[in-house]
Amino acid sequence: MAAANRAPVTVTVTGAGGQIGYALLFRIASGQLLGADTPVRLSLLEIPQGLRAAEGTALELIDGAFPLLDSVDVTDDASAAFDGTNVALLVGARPRGAGMERADLLEANAAIFGPQGRAINEGAASDVRVLVVGNPANTNALIASSHAPDIPAERFTAMTRLDHNRAVAQLALEVDAPVTAVDGVIVWGNHSASQYPDVSHATVDGRAATELVSERWLEEVFVPKVARRGAEIIEVRGASSAASAASAAIDHVHDWVHGTGERWTSAGVSTSGVNAAAAAGYGVPEGLVCSLPVRSVDGEWIVVPGLEERADSRAHIAASVAELVEEREAVRALGLLPG
Ligand SMILES: NC(=O)C1=CN([C@@H]2O[C@H](COP(=O)(O)OP(=O)(O)OC[C@H]3O[C@@H](n4cnc5c(N)ncnc54)[C@H](O)[C@@H]3O)[C@@H](O)[C@H]2O)C=CC1
Ligand SMILES: O=C([O-])CC(=O)C(=O)O
């Protein structure tokens, strides 16, 4: 199958038989995750009842005759799925339905991420990068990381890139500019309704976004629109976002591997380790996975330090961080965090 001038990179996708999996896998196979010169070996993990769907997707991946696709394996064994993995996309988890908040999924989904963290700890390649998509993504990433003591916490991330992309798109729509003109947006906090999409450092074609839109629009339209977009999609589409989520996962990993240059983006990153001091500068304590402004430098997410925050921004960030702490304590009470 493969045309290769480099060794294949192993990419594990959990929940491969689901909606996001279906939107994600073909883009990975076509080279959009890791680049047009990098062959991929796909490892698909499902639970037994999802195996047939994942196997069907694997058949279609073969039928795509993707030049970069080295191989596709499907399994319900986490140890096999994460063996030698370089990039692990933890998508497999229940999505919420109408009227639910993502935190309502804590009990249903959190138990998935301890065993997967352990399997990654035991079998993954030494350069493994993990992106948790399954909700509640930040706390699930924290659980997975806590069960992988041999892997630096900064290798476990949670997806808030979809929120970031939504914020960029809404601002661009409002000022009638292309998304490429928008720079400097930040999504702070949890991938939940408490998140804080912030344009106070954003520019559109070099002009401060705050000069182009009203304070009232920001507070009454922009922030709730972005923070509740997932619920809007569920209401209108009848199912939670899938293609836009897959697209954001591609963006996150692509930037992580290839770098962001001077631009920043948003990602849920560990507030322990290399980013502890920068996170503390925004009032975010250690031991969380929190969305922050980040640049990808030499293959590592680095929190952009020392941005001036307005008092009301600080209050928004603090509220979302308080929710992350509550979620952490809830999973601790469920016995899902070691120690
Ligand atoms: N962070 C973010 O921005 C976003 C997160 N999500 C979340 O992503 C998750 C997946 O969403 P969809 O693909 O739409 O759901 P889906 O229900 O279509 O697919 C989920 C798949 O995961 C599988 N699965 C469940 N437990 C598993 C386990 N332990 N190991 C491997 N596979 C497992 C299921 O069998 C199913 O095939 C949900 O939790 C959803 O809330 C969705 C959109 C955006
Ligand atoms: O809202 C949901 O449940 C799915 C999701 O995380 C999103 O679309 O941001």
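This report describes selected helices, ligand surroundings and individual residues of the structure shown above. The structure is a predicted model, and the descriptions below should be read with that in mind.

**Helix packing**

Two packed helices are described by the angle between their axes and the distance between the axes. The two pairs treated here are set side by side in the table.

| Helix pair | Axes come within | Crossing angle | Handedness |
|---|---|---|---|
| α1 (residues 19-29) and α9 (residues 243-258) | 8 Å | roughly 40 degrees | right-handed |
| α4 (residues 106-123) and α5 | 7 Å | roughly 35 degrees | right-handed |

The axes of α1 and α9 cross at roughly 40 degrees, which makes α1 oblique to α9. On the side of α1 the contact is made by Ile-20, Ala-23, Leu-24 and Arg-27, and on the side of α9 by Ala-243, Ala-245, Ala-246, Ala-249 and Ile-250. When these contact residues are sorted by class, 8 are nonpolar, none is polar and 1 is charged.

The crossing of α4 with α5 is right-handed, and its contact brings together Leu-106, Asn-109, Ala-110, Phe-113, Gly-114, Gln-116, Gly-117 and Ile-120 of α4 with Thr-139, Asn-140, Ile-143, Ala-144, Ser-145 and Ser-146 of α5. Here the division by class gives 6 nonpolar and 8 polar residues, with no charged ones.

Helix α5, which spans residues 137-146, is mostly covered, with 10 of its 10 residues buried. The buried residues of α5 are Ala-137, Asn-138, Thr-139, Asn-140, Ala-141, Leu-142, Ile-143, Ala-144, Ser-145 and Ser-146. Pro-136 lies in the loop between β5 (129-132) and α5, and the peptide bond that leads from Asn-135 to Pro-136 is cis, with an omega near -10 degrees.

**Surroundings of the two ligands**

Around ligand 1 there are 29 residues, of which Gly-15, Gly-18, Ile-20, Gly-50 and Gly-92 come nearest. Helix α1 gives the largest share of this shell, namely 3 residues. By class, the shell around ligand 1 holds 13 nonpolar, 13 polar and 3 charged residues.

Ligand 2 is surrounded by Pro-95, Arg-96, Arg-102, Asn-135, Leu-162, Gly-230, Ala-231, Ile-233, Ser-240 and Ser-241. The largest share of this shell, 3 residues, comes from helix α8, which covers residues 229-237. The shell around ligand 2 divides into 4 nonpolar, 4 polar and 2 charged residues. Asn-135, which belongs to the surroundings of ligand 2, is also the residue from which the cis peptide bond runs to Pro-136.

Ser-79 lies in helix α3, whereas Thr-85 lies in the loop between α3 (78-82) and β4 (87-90). Is Thr-85 buried or exposed? Thr-85 counts as buried because it has 25 C-beta neighbours inside 10 Å, the threshold for that class being 20 or more. Ser-79, by comparison, has 13 C-beta neighbours inside 10 Å and therefore counts as partly exposed.

Leaving aside neighbours within four places in sequence, Thr-85 is in contact with Thr-10, Thr-12, Ser-43, Ala-124, Ala-125 and Val-128. With Thr-10, which stands 75 residues away along the chain, the separation of the C-alpha atoms is 5.0 Å. The C-alpha atoms of Ser-79 and Phe-156, which are 77 residues apart along the chain, are separated by 18 Å.

**Positive phi angles in two loops**

Ala-65 is not a glycine, yet its phi is positive, at about 45 degrees. Ala-65 is placed in the loop between α2 (51-63) and β3 (69-75), and with 9 C-beta neighbours inside 10 Å it counts as exposed.

Asp-205 likewise has a positive phi, of about 50 degrees, although it is not a glycine. Asp-205 is found in the loop between β10 (203-204) and β11 (207-208). Because Asp-205 has 12 C-beta neighbours inside 10 Å, it counts as exposed, the limit for that class being 12 or fewer.

Key: Residues are numbered from 1 along each chain as its sequence is written. Chains are lettered from A and ligands numbered from 1 in the order in which they are written. This is a predicted model: local features need pLDDT of at least 70, side-chain atom pairs count only at pLDDT 80 or more; totals for chains, interfaces and linings use all residues. Helices (H or I, at least four residues) and strands (E, at least two) are DSSP runs, numbered from the N terminus. Axes are lines fitted to C-alpha atoms, for helices over the stretch in contact, and angles run from 0 to 180 degrees between N-to-C directions. Angles under 35 degrees count as roughly parallel, over 145 as roughly antiparallel, 65 to 115 as roughly perpendicular and the rest as oblique. A crossing is left-handed if the near helix is turned anticlockwise from the far one by less than a right angle, and right-handed if clockwise. Two residues are in contact if their C-beta atoms, placed from the backbone, lie within 7 Å. Ala, Val, Leu, Ile, Met, Phe, Trp, Tyr, Cys and Pro count as nonpolar, Asp, Glu, Lys and Arg as charged, and the others, Gly among them, as polar. A residue is near a molecule or strand if its C-beta atom, placed from the backbone, lies within 6 Å of it.
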